[in-house]
Each structure stands twice: as C-alpha cells, then as structure tokens.
Amino acid sequence: MPTKSGIAVAVCAVVLLLLGRLSDYPELVAIGFACMAALLLAGFWMLLRPDLSAVREIKPDRVKVGEEAHGVVTLTNEGRRRSPPIMAAEAVTGRPVQVLVPSLAPGKAYTTQYQLPTWQRGIYQVGPLTIGHSDPLRLLSVGRTYSTYSTLYVHPRTVHVEPVPTGQTRDMDGPTSSYSPQGGVAFHSLREYEFGDDWRLIHWKSSARTGSLMVRHNVVPNEPRMMVVLDTSAAAYTEESFEHAVSAAASLAIAAIRGGFPLELRTTAGQAMAAERGGAGTVPALDLLASAQLSTDDRGLAALPEMVSTDDRVALGVVTGQPDMALLGVLPAVRRHFLMLSLVQFIDQYNAPPASLHGVVSLTARTVDEFAGAWNTLVRR
C-alpha cells in the first residue's frame, strides 16, 4: 500500500501532468512522468518480497514489577537472494515496538532484543510480529504478519511478612487425632497389629512387654490451612490503594507457602488457586494476582459467606481497602467458621483507625511497606 510519501508523489504526478499539458510546459510533463516512473519502479520492487522466518522468545516470561524482561526475535532469510534492510514491528498489548533488521544474506539469521514494559503489574500479550517491506524511496510498503503470540507475566511486588496467624502453637509434624487419615508420617499412638499392616511399623519393645504385636499408628497431620482473600470490588479502592492490596495479598500467600502451610488463595471476583503443603504454589499464586482487576460488578466482602468450608482448621486473612461498613459486618458473622480471622485495610483517602470488629484482628496501612512493618509487629507479639 502507498505510504504518505507515495501518496504525495502520486498526487504530484497527476497535478504536474495536468498543468504541463494545459500550459504546454513540457518540463512539468517530464517531471510528472518521472514521478509515475518512480511509482512503477516501487511496484516492481515490492514484487521482490523477502522470504523471512521469525521466532520470538520472552526472557524471562515471569518477572516482578520493575524487573527487566526482553523480547528476543530471531529472523532468518530463507530466500535465495539477499534481503533488504527492513523494519519489524512487535505489538505489545496493542502498542507497536519498532525493531530494525539489517540486510541478510541467504540462510543467515539475525537476533535482536527489545525491552518489554514491566512497570505495571499485569499479564501482557506480545505479538503479532509484523515485518514491513518497502522500496528504497519508501513510496510503497507492505507488511507480513506472523500470528505468533507470547505472554509476559508481571507479578506484584512482595514483602517479607509472617503467615496469617492461626491462634495455635505450630507443631512441625502437625496436630494429630485418631480420626486423621492413616498413612502419613506423624506418629499418633501404638495399637495392636492388624492383618495387612506394614511389618516395618512393628514396635518390638512394646510387643515384648504386652505379649502381642504392636504397631506405630502413623497419620496425616491435622494441620492448619491458610486462606487469603483479596477484595476486588472497585468501590473499596482507589487505583493506588488496590496495587498495595494486591502486593499484600501476594506477600501473605508467599508467606504461607514458605512456612509450609496448605494455602487457598481467592478473590471476591471468583478467582481461586490452592497449594498443598510442600507444593509448588508460588508461581500459580502470583499468576493469579497478576491478573487481578477491579470490577464494579464485584460484590466484595459480601461473597465471604460462600467461601466458608466445613474444614474448621482454616485461618483466614482478608485484604481490602475502604469498603462500606455494612460489608465489614460480614466478618464477625463468618468468624466462627475459622481458627482465626485477620483483616488488612489499605487507606489513602483519609486517616482511619482499624475497624473494630468482634473477634477480628485488624490493621490499616497506606502502603505495602507500612503494612509489612505493622503486620510483623502484630503477629509476633
């Protein structure tokens, strides 16, 4: 298709030919024909389109806010003749990023990289890649689009914090009971041997003392679980306070995984992920929070009653902004279903003390760093 220069040359050609003929001025006619010839030569040049293949990589494909990430593009000339210098355009979330590619001999490859935007949390689509081809005078240009896409995850910033408190002393093996599932690693008691028991579990000293075979009764630890809920209702936040809230939720989720607790991470919009003890839950948790967005249709804390489970070993941490006080009233109502309930509020519109809610441990903060200091002080008491 013609460029702006090509359109200008075409208009000039028509105008010069008309003026030259009407005024009987052969020099104007000659210039007009010269413009037409330039356009025709540009058209023939465009038939010699380069045959290039393109491969893109994102390195790394997951970063935290502010860390560097690059798109790496490798172009290979698969044609039989040398390719001209070209300009490639990579679309990053709809915005073009220009990549200059030099002339390539047949069979040669060229690798270049460009910086990707990582200053804001989110999930970014990279692609498609468009390779532009134009004539030397830049009168005509065409683009070939490679419909390949990559994804860049920009995770929220995290700070080092203590896990959500459970109100219980942590047992490294976890508390046990006779109702706990068998087959774990935690010792609960001794019992008489039953057909099918593993002979390696026989406790020979007790067997000799009692006169009957006794085995170790090992069970799966009945340990506390963590649930972190992020309020994603638009009414509770400003844009800035929401980013601090996302970072706080990510920090609490990572703290639970680091501490070896089973984790369930949720948003009030319905997003959810779970990681068992010792599981690889860090990346899924951060991926989920990278995609978290405010919504005017989100019910916010009113969705908490639907997240209550029959498991009474769950410690709940809720991260929100400044929702309506009526919504905060949901917390005492669901408190009895959890070992402990903690509330973190991010404020930036006005100073506000922590909400006084029966049975709920609360704190307020303006930034994620302020939250980290206040939270660690509160939990370590």
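Let me begin with burial: a residue is called buried under 20% relative accessible area, exposed over 50%, and partly exposed in between, using a 1.4 Å probe and protein chains only. Please keep in mind that this is a predicted model, in which local features need pLDDT of at least 70 and side-chain atom pairs count only at pLDDT 80 or more, while totals for chains, interfaces and linings use all residues. Residues are numbered from 1 along each chain as its sequence is written, and side-chain values use heavy atoms, with hydrogens and water left out.

I will take the cysteines first. At 38% relative accessibility Cys12 counts as partly exposed, whereas Cys35, at 15%, counts as buried. How many disulfides are there? A disulfide here is a pair of cysteine sulfur atoms within 2.5 Å, and by that rule the count comes to 0. The cysteine sulfur closest to that of Cys12 belongs to Cys35, and because the two are 5.9 Å apart, they are too far for a bond.

Now to the interior. A nonpolar core means a set of buried Ala, Val, Leu, Ile, Met, Phe, Trp, Tyr and Cys residues joined through side-chain atoms within 4.5 Å. The largest such core has 40 residues, and Leu230, Val319 and Phe371 touch the most other members. Helix 4, residues 239–258, gives the most to this core, with 12 residues; helices (H or I, at least four residues) and strands (E, at least two) are DSSP runs numbered from the N terminus. A second, separate core has 22 residues, including Leu75, Val92, Leu104 and Val154.

Rings of Phe, Tyr and Trp (the six-membered ring for Trp) pair if their centres lie within 6.5 Å, and planes under 30 degrees apart count as stacked, over 60 as edge-to-face, and the rest as tilted. Searching the whole structure finds 3 aromatic pairs. One of them is the edge-to-face pair of Tyr237 and Phe242, at 5.1 Å centre to centre with 70° between the planes, and both Tyr237, at 7% relative accessibility, and Phe242, at 3%, count as buried. Phe371 and Trp375 form a tilted pair, 5.8 Å centre to centre with 40° between the planes. Both of these residues lie in helix 8, residues 368–379, and they are 4 residues apart, about one turn of the helix. Trp375 is buried too, at 1% relative accessibility, and ring pairs link Phe346, Phe371 and Trp375 into a cluster.

Finally, the strands. Strand 16, residues 340–346, is mostly covered, with 6 of its 7 residues buried. Two strands pair if DSSP finds at least two bridges between them; strand 15, residues 314–320, pairs with strand 16 in the parallel sense over 6 bridges, and 6 bridges also join strand 16 to strand 17, residues 360–365, again running parallel. To locate these pairings in the model, look for Val318, whose bridge partner in strand 16 is Leu343, and for Ser342, whose bridge partner in strand 17 is Val361.
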